[in-house]
Amino acid sequence: MTVTVYHNPSCGTSRSVLELVRNAGIEPEVVLYLKNPPSRKQLEEIARQDPQGARDLLRTKEKLCAELGLDKADVTDAQILDAIAEHPVLLNRPVVVTPKGAKACRPADTVLALLP
């Protein structure tokens with residue numbers, strides 16, 4: 001099973017998710033998204049695979065989210081994805097992508113639904 005984890009090593013939840021994936025016997029592709037951010041096209045594909053869509057990928061606790069007005073209900077998925085592509089710090093972490101789908105895995109144990 002191919003698993004990709006968009007990871008921030010300074011985040012405890014992200015580290016926990018990575019550990020859960022590895023404990024399932026899977027060595028994931030780890031993307032340090034702040035250094036190597038996903039493209040707008042990649043973000044669109046991830047959002048398409050996430051049952052909750054683009055809004056699930058948005059880190060609403062990030063101060064920049066409110067500054068850009070992304071916390072408003074009328075913000076479109078396209079606006080969210082554009083903002084994340086321009087400001088990778090807005091990506092809710094960690095995001096995990098598997099053949100079963102994609103999800104921002106907060107809390108950490110939500111990753112288990114994406115694993116075999």
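The model is predicted, so local features are reported only at pLDDT of at least 70 and side-chain atom pairs only at pLDDT 80 or more, while totals for chains, interfaces and linings use all residues. Residues are numbered from 1 along each chain as its sequence is written, and side-chain values use heavy atoms, with hydrogens and water left out.

We can begin with the overall fold. The chain contains five helices and four strands, where helices (H or I, at least four residues) and strands (E, at least two) are DSSP runs numbered from the N terminus. The C-alpha atoms occupy a box of roughly 40 × 25 × 25 Å along the principal axes. A compact globule of 116 residues would have a radius of gyration near 13 Å, and the 13 Å of the chain agrees with this; the radius is taken over C-alpha atoms, and the globule rule is 2.2 Å times the number of residues to the power 0.38. Buried residues account for 47% of the 116, with buried meaning under 20% relative accessible area, exposed over 50% and partly exposed in between (1.4 Å probe, protein chains only). Of the contacts (heavy atoms within 4.5 Å) between residues at least 6 apart in sequence, 62% join residues at least 24 apart.

Strand 1 and strand 2 run parallel and are joined by four bridges, and Y6 stands opposite V31 in strand 2.

In helix 2 (residues 40–49), L43, I46 and A47 are buried. These buried residues fall within an arc of 100° seen down the helix axis, so they line one face of helix 2; the arc is that of the directions from the helix axis to the C-beta atoms. K41 and R48, on the other side of helix 2, are exposed. The buried residues of helix 2 pack against strand 1 (4–7), helix 3 (54–57), helix 5 (77–86), strand 3 (95–98) and strand 4 (101–104). In helix 5, I80, L81, A83 and I84 are buried. Their arc is within 160° down the axis of helix 5, so they too line one face, and they pack against helix 2 and helix 3.

Finally, the nonpolar cores: each is a set of buried Ala, Val, Leu, Ile, Met, Phe, Trp, Tyr and Cys residues joined through side-chain atoms within 4.5 Å. The largest has 23 residues, and Y6, L57, I84, L90, L91 and V95 have the most contacts inside it. Helix 5 gives the most to this core, with four residues. Beyond its neighbours within four places in sequence, L90 contacts residues including L57, L64, C65, A83 and I84. Another core, of 12 residues, lies apart from the largest one and includes V3, V5, L18 and A108.

Note on methods:
Two strands pair if DSSP finds at least two bridges between them.
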